[in-house]
Amino acid sequence: AKHSGRSTFAWYTPDMDAEAQRRKEIEEGLVKALRLDQFQLLYQPQYSLSDNKLKGYESLIRWEHPTKGTIAPDVFIPVAEDSGLIEDIGDWVLFHACREAARWEDKSLRVAVNVSAAQFKPGETERKVALALTESGLAPERLEIEITESLLIANTAAVVDTLQKIRALGVSIAMDDFGTGYSSLSYLSRFPFDKIKIDRSFIRTLGENPSTDAIVTAIIGLGRSLDVQITAEGVEDMRQVTLLRAAGCHLVQGFLYGRPGQASDAASVHLGETLT
Ligand code: C2E
Ligand code: CA
Ligand code: CA
Ligand code: CA
(Lines give C-alpha, C1' and ligand atoms only; values in the text may rest on other atoms or scores of the structure.)
(Ligands and ions follow the chains in the order given, each with its own letter.)
Protein backbone atom coordinates (compact mmCIF):
# COMPACT_ATOMS: atom_id res chain seq x y z
CA ALA A 1 0.00 0.00 0.00
CA LYS A 2 2.47 2.54 -1.22
CA HIS A 3 -0.25 4.78 -2.52
CA SER A 4 -2.95 5.81 -0.19
CA GLY A 5 -5.34 8.62 0.44
CA ARG A 6 -4.81 11.89 -1.36
CA SER A 7 -1.59 10.83 -3.07
CA THR A 8 -3.66 8.76 -5.49
CA PHE A 9 -4.52 11.98 -7.27
CA ALA A 10 -2.05 12.15 -10.10
CA TRP A 11 -1.59 15.90 -9.76
CA TYR A 12 -1.00 15.88 -6.07
CA THR A 13 2.40 15.17 -4.56
CA PRO A 14 3.87 15.86 -1.13
CA ASP A 15 6.31 18.20 -2.91
CA MET A 16 3.45 20.35 -4.07
CA ASP A 17 2.15 20.37 -0.55
CA ALA A 18 5.51 21.68 0.71
CA GLU A 19 5.62 24.23 -2.09
CA ALA A 20 2.11 25.47 -1.30
CA GLN A 21 3.06 25.70 2.36
CA ARG A 22 6.22 27.64 1.51
CA ARG A 23 4.27 30.13 -0.57
CA LYS A 24 1.65 30.54 2.11
CA GLU A 25 4.35 31.35 4.65
CA ILE A 26 5.95 33.88 2.34
CA GLU A 27 2.58 35.46 1.66
CA GLU A 28 1.80 35.83 5.36
CA GLY A 29 5.29 37.17 5.93
CA LEU A 30 4.83 39.74 3.16
CA VAL A 31 1.67 41.09 4.73
CA LYS A 32 3.66 41.65 7.92
CA ALA A 33 6.63 43.04 6.02
CA LEU A 34 4.42 45.72 4.50
CA ARG A 35 2.98 46.64 7.86
CA LEU A 36 6.33 46.62 9.68
CA ASP A 37 8.29 48.32 6.91
CA GLN A 38 10.75 45.46 6.35
CA PHE A 39 11.51 46.28 2.72
CA GLN A 40 14.55 48.12 1.51
CA LEU A 41 15.67 49.38 -1.87
CA LEU A 42 19.22 48.88 -3.07
CA TYR A 43 20.56 50.84 -6.00
CA GLN A 44 22.78 49.49 -8.75
CA PRO A 45 24.69 52.02 -10.86
CA GLN A 46 24.33 52.39 -14.61
CA TYR A 47 27.17 53.91 -16.59
CA SER A 48 27.42 55.42 -20.02
CA LEU A 49 29.93 53.47 -22.13
CA SER A 50 31.04 56.35 -24.30
CA ASP A 51 32.34 58.54 -21.46
CA ASN A 52 32.29 56.20 -18.41
CA LYS A 53 29.94 58.55 -16.60
CA LEU A 54 27.44 57.51 -13.96
CA LYS A 55 23.94 58.08 -15.34
CA GLY A 56 21.68 56.65 -12.67
CA TYR A 57 20.64 53.63 -10.67
CA GLU A 58 18.20 50.76 -10.89
CA SER A 59 16.28 50.23 -7.66
CA LEU A 60 16.17 46.60 -6.51
CA ILE A 61 14.01 45.48 -3.61
CA ARG A 62 15.18 43.41 -0.65
CA TRP A 63 13.21 42.00 2.25
CA GLU A 64 14.99 42.40 5.57
CA HIS A 65 13.43 39.51 7.45
CA PRO A 66 13.82 39.71 11.25
CA THR A 67 15.00 36.09 11.58
CA LYS A 68 15.80 34.85 8.05
CA GLY A 69 17.97 37.81 7.09
CA THR A 70 17.93 39.40 3.66
CA ILE A 71 15.57 37.74 1.21
CA ALA A 72 16.09 38.24 -2.54
CA PRO A 73 13.25 39.39 -4.80
CA ASP A 74 13.32 36.21 -6.89
CA VAL A 75 12.06 34.41 -3.78
CA PHE A 76 9.13 36.66 -2.88
CA ILE A 77 8.16 38.74 -5.94
CA PRO A 78 6.54 35.75 -7.73
CA VAL A 79 4.49 35.02 -4.58
CA ALA A 80 3.55 38.69 -4.30
CA GLU A 81 2.45 38.65 -7.94
CA ASP A 82 0.25 35.59 -7.51
CA SER A 83 -1.32 36.79 -4.28
CA GLY A 84 -2.04 40.33 -5.40
CA LEU A 85 0.29 41.77 -2.75
CA ILE A 86 2.48 43.07 -5.55
CA GLU A 87 0.16 46.06 -5.82
CA ASP A 88 0.98 47.36 -2.33
CA ILE A 89 4.64 46.34 -2.59
CA GLY A 90 4.88 48.00 -6.02
CA ASP A 91 3.39 51.21 -4.63
CA TRP A 92 5.89 51.16 -1.79
CA VAL A 93 8.76 50.70 -4.29
CA LEU A 94 7.59 53.49 -6.59
CA PHE A 95 7.06 56.09 -3.86
CA HIS A 96 10.15 55.08 -1.92
CA ALA A 97 12.43 55.16 -4.98
CA CYS A 98 11.16 58.59 -6.01
CA ARG A 99 11.57 59.95 -2.50
CA GLU A 100 15.11 58.62 -2.11
CA ALA A 101 16.24 59.72 -5.57
CA ALA A 102 14.87 63.20 -4.93
CA ARG A 103 17.31 63.42 -2.02
CA TRP A 104 20.40 62.47 -4.01
CA GLU A 105 22.90 65.26 -4.24
CA ASP A 106 23.40 64.92 -7.99
CA LYS A 107 20.08 65.96 -9.53
CA SER A 108 21.06 64.63 -12.94
CA LEU A 109 20.96 60.99 -11.86
CA ARG A 110 18.03 58.85 -12.88
CA VAL A 111 16.28 56.14 -10.94
CA ALA A 112 14.81 53.07 -12.64
CA VAL A 113 11.88 51.29 -11.00
CA ASN A 114 10.75 47.77 -11.85
CA VAL A 115 7.02 47.58 -12.45
CA SER A 116 5.61 44.08 -12.61
CA ALA A 117 2.91 43.24 -15.16
CA ALA A 118 0.82 41.95 -12.25
CA GLN A 119 0.79 45.37 -10.57
CA PHE A 120 0.11 47.30 -13.75
CA LYS A 121 -3.43 48.67 -13.85
CA PRO A 122 -4.43 50.98 -16.67
CA GLY A 123 -6.07 54.09 -15.24
CA GLU A 124 -4.35 53.49 -11.88
CA THR A 125 -0.70 53.14 -12.72
CA GLU A 126 -0.33 56.46 -14.56
CA ARG A 127 -2.10 58.19 -11.68
CA LYS A 128 0.27 56.63 -9.13
CA VAL A 129 3.35 57.56 -11.14
CA ALA A 130 2.16 61.17 -11.36
CA LEU A 131 1.40 61.17 -7.63
CA ALA A 132 4.82 59.71 -6.72
CA LEU A 133 6.46 62.49 -8.74
CA THR A 134 4.51 65.34 -7.18
CA GLU A 135 4.74 63.88 -3.69
CA SER A 136 8.53 63.44 -3.91
CA GLY A 137 9.31 66.46 -6.03
CA LEU A 138 11.41 64.26 -8.33
CA ALA A 139 11.76 65.68 -11.84
CA PRO A 140 9.90 63.33 -14.24
CA GLU A 141 12.96 63.12 -16.49
CA ARG A 142 14.78 61.40 -13.65
CA LEU A 143 12.31 58.52 -13.41
CA GLU A 144 12.39 55.44 -15.57
CA ILE A 145 9.88 52.60 -15.47
CA GLU A 146 11.14 49.12 -16.36
CA ILE A 147 8.50 46.78 -17.71
CA THR A 148 8.76 43.31 -19.19
CA GLU A 149 7.26 41.86 -22.32
CA SER A 150 4.68 39.95 -20.33
CA LEU A 151 2.82 43.22 -19.90
CA LEU A 152 2.47 43.56 -23.65
CA ILE A 153 1.40 40.01 -24.40
CA ALA A 154 -2.25 40.92 -24.04
CA ASN A 155 -1.43 44.11 -25.94
CA THR A 156 -4.59 45.83 -24.92
CA ALA A 157 -5.09 49.37 -26.10
CA ALA A 158 -5.46 50.34 -22.44
CA VAL A 159 -1.93 49.20 -21.58
CA VAL A 160 -0.40 51.07 -24.51
CA ASP A 161 -2.49 54.12 -23.61
CA THR A 162 -1.24 54.02 -20.00
CA LEU A 163 2.38 53.67 -21.11
CA GLN A 164 1.89 56.63 -23.42
CA LYS A 165 0.41 58.70 -20.57
CA ILE A 166 3.36 57.86 -18.33
CA ARG A 167 5.69 58.87 -21.12
CA ALA A 168 3.77 62.11 -21.61
CA LEU A 169 4.62 62.98 -18.00
CA GLY A 170 8.26 63.01 -19.06
CA VAL A 171 9.07 59.61 -17.56
CA SER A 172 10.96 57.13 -19.73
CA ILE A 173 9.96 53.54 -20.35
CA ALA A 174 12.47 50.70 -20.60
CA MET A 175 11.85 47.18 -21.82
CA ASP A 176 13.52 44.86 -19.33
CA ASP A 177 14.91 41.36 -19.92
CA PHE A 178 14.92 41.95 -23.65
CA GLY A 179 15.30 38.81 -25.73
CA THR A 180 13.97 36.36 -23.15
CA GLY A 181 10.34 36.43 -24.30
CA TYR A 182 8.69 34.94 -27.32
CA SER A 183 8.27 37.97 -29.52
CA SER A 184 10.53 40.69 -28.22
CA LEU A 185 10.93 42.20 -31.65
CA SER A 186 7.25 42.56 -32.38
CA TYR A 187 6.71 44.66 -29.24
CA LEU A 188 9.19 47.22 -30.45
CA SER A 189 6.91 48.14 -33.32
CA ARG A 190 3.86 48.39 -31.05
CA PHE A 191 5.24 50.69 -28.42
CA PRO A 192 7.89 53.42 -28.56
CA PHE A 193 10.30 52.40 -25.81
CA ASP A 194 12.99 54.80 -24.70
CA LYS A 195 15.32 52.03 -23.69
CA ILE A 196 15.95 48.32 -24.10
CA LYS A 197 17.78 46.29 -21.48
CA ILE A 198 19.51 43.26 -22.95
CA ASP A 199 19.05 40.40 -20.53
CA ARG A 200 21.97 39.13 -18.52
CA SER A 201 21.63 35.66 -20.07
CA PHE A 202 22.95 37.11 -23.36
CA ILE A 203 25.70 39.17 -21.77
CA ARG A 204 26.99 36.20 -19.78
CA THR A 205 28.42 34.31 -22.76
CA LEU A 206 29.54 37.36 -24.69
CA GLY A 207 32.93 36.73 -26.24
CA GLU A 208 32.61 32.98 -25.73
CA ASN A 209 29.80 32.18 -28.06
CA PRO A 210 29.81 33.59 -31.62
CA SER A 211 26.03 33.38 -31.99
CA THR A 212 25.46 35.29 -28.73
CA ASP A 213 27.90 37.94 -29.96
CA ALA A 214 25.93 38.20 -33.19
CA ILE A 215 22.59 38.48 -31.40
CA VAL A 216 23.80 41.15 -28.98
CA THR A 217 25.44 43.12 -31.80
CA ALA A 218 22.19 42.91 -33.79
CA ILE A 219 20.05 44.07 -30.84
CA ILE A 220 22.36 47.04 -30.31
CA GLY A 221 22.27 47.89 -34.02
CA LEU A 222 18.50 47.61 -34.03
CA GLY A 223 18.23 49.88 -31.01
CA ARG A 224 20.48 52.45 -32.58
CA SER A 225 18.50 52.52 -35.80
CA LEU A 226 15.23 52.85 -33.86
CA ASP A 227 16.78 55.59 -31.75
CA VAL A 228 16.33 53.53 -28.60
CA GLN A 229 18.97 53.52 -25.87
CA ILE A 230 20.50 50.13 -25.11
CA THR A 231 21.57 48.96 -21.66
CA ALA A 232 23.53 45.75 -21.15
CA GLU A 233 22.78 44.18 -17.76
CA GLY A 234 25.03 41.77 -15.87
CA VAL A 235 28.34 43.12 -17.13
CA GLU A 236 31.04 41.42 -15.07
CA ASP A 237 34.32 41.75 -16.97
CA MET A 238 36.29 43.94 -19.36
CA ARG A 239 36.02 41.43 -22.20
CA GLN A 240 32.28 42.10 -22.28
CA VAL A 241 32.86 45.85 -22.07
CA THR A 242 35.21 45.79 -25.07
CA LEU A 243 32.67 43.93 -27.17
CA LEU A 244 29.75 46.09 -26.04
CA ARG A 245 31.65 49.26 -26.73
CA ALA A 246 32.65 48.07 -30.20
CA ALA A 247 29.01 47.25 -30.92
CA GLY A 248 27.89 50.74 -29.83
CA CYS A 249 26.02 49.86 -26.64
CA HIS A 250 24.97 52.99 -24.73
CA LEU A 251 24.76 51.93 -21.09
CA VAL A 252 26.16 49.22 -18.85
CA GLN A 253 25.10 47.81 -15.51
CA GLY A 254 26.70 44.93 -13.66
CA PHE A 255 28.99 43.79 -10.89
CA LEU A 256 32.03 45.17 -12.73
CA TYR A 257 30.62 48.67 -12.28
CA GLY A 258 28.98 48.16 -8.95
CA ARG A 259 26.76 45.85 -6.97
CA PRO A 260 23.39 46.98 -5.71
CA GLY A 261 24.10 49.20 -2.69
CA GLN A 262 22.48 51.33 -0.03
CA ALA A 263 20.75 54.59 -0.86
CA SER A 264 23.26 56.54 1.19
CA ASP A 265 26.02 55.16 -1.02
CA ALA A 266 24.01 56.04 -4.10
CA ALA A 267 23.92 59.59 -2.84
CA SER A 268 27.68 59.96 -2.55
CA VAL A 269 30.12 57.09 -3.05
CA HIS A 270 29.55 56.44 -6.73
CA LEU A 271 29.57 60.11 -7.57
CA GLY A 272 32.34 61.09 -9.90
CA GLU A 273 33.62 57.54 -9.96
CA THR A 274 34.72 56.44 -13.39
CA LEU A 275 35.86 53.20 -14.87
CA THR A 276 37.95 52.64 -17.93
P1 C2E B 1 16.11 42.39 -13.09
O2 C2E B 1 15.15 43.52 -13.17
O3 C2E B 1 16.53 41.77 -14.37
O4 C2E B 1 17.35 42.94 -12.25
C5 C2E B 1 18.69 42.58 -12.47
C6 C2E B 1 19.15 41.52 -11.51
O7 C2E B 1 20.46 41.10 -11.87
C8 C2E B 1 19.28 42.00 -10.07
O9 C2E B 1 19.00 40.90 -9.20
C10 C2E B 1 20.75 42.37 -9.96
O11 C2E B 1 21.24 42.37 -8.64
C12 C2E B 1 21.36 41.27 -10.79
N13 C2E B 1 22.65 41.66 -11.35
C14 C2E B 1 23.04 42.88 -11.76
N15 C2E B 1 24.29 42.86 -12.26
C16 C2E B 1 24.72 41.57 -12.16
C17 C2E B 1 25.95 40.91 -12.52
O18 C2E B 1 26.90 41.50 -13.03
N19 C2E B 1 26.01 39.57 -12.29
C20 C2E B 1 24.98 38.88 -11.73
N21 C2E B 1 25.14 37.57 -11.52
N22 C2E B 1 23.80 39.48 -11.38
C23 C2E B 1 23.67 40.81 -11.60
P24 C2E B 1 18.01 41.05 -7.98
O25 C2E B 1 18.23 42.36 -7.29
O26 C2E B 1 18.13 39.81 -7.17
O27 C2E B 1 16.59 41.10 -8.65
C28 C2E B 1 16.08 39.98 -9.34
C29 C2E B 1 14.80 40.32 -10.06
O30 C2E B 1 13.77 40.63 -9.12
C31 C2E B 1 14.90 41.55 -10.95
O32 C2E B 1 15.50 41.20 -12.17
C33 C2E B 1 13.44 41.92 -11.08
O34 C2E B 1 12.80 41.13 -12.04
C35 C2E B 1 12.90 41.56 -9.70
N36 C2E B 1 12.83 42.79 -8.87
C37 C2E B 1 13.80 43.38 -8.14
N38 C2E B 1 13.34 44.49 -7.53
C39 C2E B 1 12.05 44.62 -7.89
C40 C2E B 1 11.02 45.57 -7.59
O41 C2E B 1 11.21 46.57 -6.89
N42 C2E B 1 9.79 45.36 -8.16
C43 C2E B 1 9.55 44.28 -8.97
N44 C2E B 1 8.31 44.13 -9.50
N45 C2E B 1 10.49 43.38 -9.29
C46 C2E B 1 11.73 43.54 -8.75
CA1 CA C 1 15.01 45.48 -14.11
CA1 CA D 1 17.13 40.62 -16.32
CA1 CA E 1 13.26 40.59 -14.50
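Trainee: Why does Arg22 count as partly exposed?

Mentor: Buried means under 20% relative accessible area, exposed means over 50%, and partly exposed is in between (1.4 Å probe, protein chains only). Arg22 has 36% relative accessibility, so it counts as partly exposed. Glu19, at 31%, is partly exposed as well.

Trainee: What should I keep in mind about the model and its numbering?

Mentor: This is a predicted model, in which local features need pLDDT of at least 70 and side-chain atom pairs count only at pLDDT 80 or more, while totals for chains, interfaces and linings use all residues. Residues are numbered from 1 along each chain as its sequence is written, chains are lettered from A and ligands numbered from 1 in the order in which they are written, and side-chain values use heavy atoms, with hydrogens and water left out.

Trainee: What makes Glu19 and Arg22 a salt bridge?

Mentor: The term asks for a side-chain nitrogen of Lys or Arg within 4 Å of a carboxyl oxygen of Asp or Glu. The closest N and O atoms of Glu19 and Arg22 are 3.1 Å apart, and the pair is a salt bridge. Both residues lie in helix α1 (residues 14-36), three residues apart, about one turn of the helix. Helices (H or I, at least four residues) and strands (E, at least two) are DSSP runs numbered from the N terminus. By the salt-bridge rule the count comes to 18.

Trainee: How do you know that Glu146 forms a salt bridge with Lys197?

Mentor: Their closest N and O atoms are 2.8 Å apart. Glu146 is in strand β5 (residues 143-147) and Lys197 in strand β7 (residues 195-198), so the pair ties together parts 51 residues apart in sequence. Glu146 has a relative accessible area of 2% and is therefore buried; Lys197, at 0%, is buried too.

Trainee: Why is Glu208 called exposed?

Mentor: Its relative accessible area is 55%, so Glu208 is exposed. Its salt-bridge partner Arg239, with closest N and O atoms 3.5 Å apart, counts as partly exposed at 31%.

Trainee: Which residues touch the most other members of the largest nonpolar core?

Mentor: A nonpolar core is a set of buried Ala, Val, Leu, Ile, Met, Phe, Trp, Tyr and Cys residues joined through side-chain atoms within 4.5 Å. In the largest one, of 75 residues, they are Leu143, Ile145 and Leu244. Helix α3 (residues 86-103) gives the largest share of this core, 10 residues.

Trainee: How many cavities of 30 Å³ or more does a search of the whole structure find?

Mentor: The search finds one. A cavity is a set of points on a 1 Å grid over the protein atoms alone where a 1.4 Å probe fits but cannot get out, and lining residues have an atom within 4 Å of a point. Among the lining residues are Asp91, Lys121 and Glu124.

Note on methods:
On a 1 Å grid over the protein atoms alone, a cavity is a set of points where a 1.4 Å probe fits but cannot get out, and a pocket is an open set with protein on both sides within 12 Å along at least five of seven lines; lining residues have an atom within 4 Å of a point. Grid points are joined across faces, edges and corners, and a volume is the space filled by probe spheres set on the points.
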